[in-house]
Amino acid sequence: MTEGDRADIAENPVPPGRSEDRGRPPIARRPVFVIAAVAAIVHLLVATRFGWHRDEFYYVLCGRHPDWGYVDQPPLAPLLARLAAELPGGVLPLRLLAIAAQIGCVLLASVLAAEFGGRRRAQTLAAAAVAACPVFVAASMLFGTTVLDQLSWVAVLVLTARALRSGTTRAWLTAGLVAGIGLQTKDTLAVLLIGIVVGLLAFRRDALRGRGPWLAGVLAILIAVPNIIWDARHQWANLHMAQALADQQGGPLGALTQIPTLVSLLAGPPLIALWYSGVRHLISHDGREHRWLLAASVVVLLLFTVSGGKVYYAAPVLAGLFAAGAVRVEGLAPKRWRWPLAVAVSALLAIVIGLPVLPPRAETALRPVDPQAMETYGWPGFVDQIARAAAPLPAEVPIFASNYGEAGAVSILGPAAGLHRTVLSGHNNYLLWGPPPGTPDTVPCVGQWNTTYLHRFWSQVIEIAPLTLPDGLTDQETAQHAAIYLCTQPLGTWAQLWPGLRHLD
């Protein structure tokens with residue numbers, strides 16, 4: 001035991017009334033909190049450097065249509081987004097939620113290392129690895145289901161490890177409660193739960209003889225039931241959405257080709273050795289009690305690959321492998337400079353790739369690696385262009401947008417630009433909020449369309465102007481040649497045209 005371990009034990013004794021914490025090394029609060037604080041400061045420095053992301057507009061607009069579900073997500077993220085957007089500060093309150101979720105992952109990674117038997121050094125390394133991991137850093141650049149999903153996954157891993165160690169029903173119910181809340185954030189958590197069940201069946205059947213895991217499962221399902229009922233009443237829209245996303249990236253084969261990206265770039269090239277050490281630890285005799293995590297990780301990767309899931313869906317399991325790897329590193333006691341250097345290099349890579357720290361032109365050049373920073377740039381300018389184009393039209397004329405980003409930007413940023421019009425779209429959950437009554441006699445259509453497509457719905461289509469960014473910068477809108485069109489002479493009513501205008505992607 002090192003002097004640091006002794007100091008932490010002295011400063012952080014196990015509370016006498018917390019039976020679930022007995023047998024677990026004390027949490028190394030000081031170094032872990034320092035790491036969390038540094039991570040928070042880095043994120044805060046650039047939290048509002050550019051502006052809103054298209055997904056953030058969408059979450060807020062979904063939250064303004066409260067329901068038990070949406071075609072592409074459960075209800076929790078939109079609810080939180082709506083509450084945050086009602087606070088002063090524009091997009092900042094949403095970003096604060098994202099940063100809080102990221103810091104939660106960092107802190108929980110240290111607790112997971114402690115659950116695996118790791119002391120001060122292992123806990124510090126696990127926390128630092130998550131704080132420096134590109135997929136965690138990039139996800140917390142904006143508020144959304146991804147960063148909340150990461151927090152849910154790491155929390156469930158921690159609480160499962162804690163319940164297995166303590167064996168108490170209360171610990172299992174806590175895990176079930178958090179799992180249920182996580183399922184109201186993103187459906188992908190169900191894949192982790194399946195993986196955990198397989199892991200328990202394979203390596204911890206003793207735990208399944210008690211009532212705790214079964215009660216936890218029932219509790220999680222009960223919490224998720226309202227969203228499940230909503231999905232069933234809407235023809236299992238979430239499954240159709242998942243299939244559409246899988247088809248876009250090439251199905252299982254496309255998912256398979258993305259695995260190297262997950263285990264190398266998204267995990268952070270300098271940290272490959274750490275998650276590999278985690279695998280080796282879980283395979284070894286010392287890690288046999290926690291081998292369920294290895295089985296869960298394999299199942300998660302397999303299920304997302306077979307279903308054609310996006311590469312980052314499985315990324316949160318890296319936190320568990322980092323924690324297990326940190327325990328092994330602590331036991332081997334290699335050169336002390338090696339892992340801080342690896343973490344520092346990975347953190348630099350994650351910041352450059354995942355956060356808007358570079359000039360807009362450099363961020364444009366990095367779009368093939370990570371396009372998200374430029375997706376937060378330029379929306380006020382787009383809205384100004386749309387406002388100028390719509391200004392000559394009567395006030396009752398609505399704006400029809402090709403996607404939820406454009407629709408959300410006009411709805412949220414439009415009033416400040418003097419744009420007060422009904423905003424419509426057929427994209428994702430917008431398809432459930434229409435069609436409006438009447439006939440679309442004159443409609444400015446904004447977005448990633450072309451005249452050939454729009455002629456399916458209007459006889460006369462005139463391109464007014466393309467949406468542009470200054471200085472040759474590029475985002476999704478300009479890359480897809482988004483433009484403003486004036487459409488007249490409709491080929492039917494809104495209700496008649498609406499089925500052809502709807503799309504999931």
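Me: Why is Asp206 called partly exposed?
Reply: Asp206 has a relative accessible area of 40%. Buried means under 20%, exposed over 50%, and partly exposed in between (1.4 Å probe, protein chains only), so Asp206 is partly exposed. By the way, this is a predicted model, in which local features need pLDDT of at least 70 and side-chain atom pairs pLDDT 80 or more, while totals for chains, interfaces and linings use all residues. Residues are numbered from 1 along each chain as its sequence is written, and side-chain values use heavy atoms, with hydrogens and water left out.

Me: What makes Arg204 and Asp206 a salt bridge?
Reply: The closest N and O atoms of Arg204 and Asp206 are 3.2 Å apart. A salt bridge asks for a side-chain nitrogen of Lys or Arg within 4 Å of a carboxyl oxygen of Asp or Glu, so the pair qualifies. Arg204 itself is buried, at 13% relative accessibility.

Me: How do you know that Arg54 and Glu477 form a salt bridge?
Reply: Their closest N and O atoms are 2.8 Å apart, which meets the 4 Å limit. The pair links distant parts of the chain, with Arg54 in helix H3 (residues 54–63) and Glu477 in helix H24 (residues 476–479), 423 residues apart. Helices here are DSSP runs of H or I with at least four residues, strands are runs of E with at least two, and both are numbered from the N terminus.

Me: And what are Arg54 and Glu477, buried or exposed?
Reply: Arg54 is buried because its relative accessible area is 6%. Glu477, at 0%, counts as buried too.

Me: What about Arg82 and Glu86?
Reply: Their side chains meet in a salt bridge at 3.3 Å, N to O. Arg82 has 29% relative accessible area and is partly exposed, whereas Glu86, at 55%, counts as exposed. In total the structure holds seven salt bridges, and Arg24, Glu115 and Arg165 are linked in a network of them.

Me: What makes the nonpolar surface patch?
Reply: Val218, Ile221, Leu222, Val225, Ile228, Ile229, Trp236 and Leu239 make the patch, about 730 Å² of it. Patches take residues with over 30% relative accessible area and no salt bridge, joining like charges within 9 Å and nonpolar side chains (Val, Leu, Ile, Met, Phe, Trp, Tyr) within 5 Å. The areas come from the Shrake-Rupley method with a 1.4 Å probe, and for residues only the protein chains shown count as cover. Ile221 has 52% relative accessible area, which is over the 30% mark, and is called exposed. Ile221 lies in helix H12, and H12 (residues 212–233) gives the most to the patch, with six residues.

Me: How are H12 and H13 placed, and why is that the word for it?
Reply: The axes of H12 and helix H13 (residues 237–248) come within 7 Å and cross at roughly 75°. That makes H12 roughly perpendicular to H13, because 65 to 115 degrees counts as roughly perpendicular, with under 35 roughly parallel, over 145 roughly antiparallel and the rest oblique. Axes are lines fitted to C-alpha atoms, for helices over the stretch in contact, with angles from 0 to 180 degrees between N-to-C directions. Asn227, Trp230 and Asp231 of H12 meet Ala237, Asn238 and Leu239 of H13, contact meaning heavy atoms within 4.5 Å.

Me: What about Gln235, buried or exposed?
Reply: At 56% relative accessibility, Gln235 counts as exposed. Gln235 sits in the loop between H12 and H13 and has a positive phi of about 55° although it is not a glycine. Gln489 has a positive phi of about 55° as well, but Gln489 lies in strand S5 (residues 483–490) and is partly exposed at 47%.

Me: How do you know whether Asp475 is buried or exposed?
Reply: Its relative accessible area is 0%, so Asp475 is buried. Asp475 lies in the loop between strand S4 (458–466) and H24. The C-alpha atoms of Asp475 and Met374 are separated by 5.5 Å, though the two are 101 residues apart along the chain.
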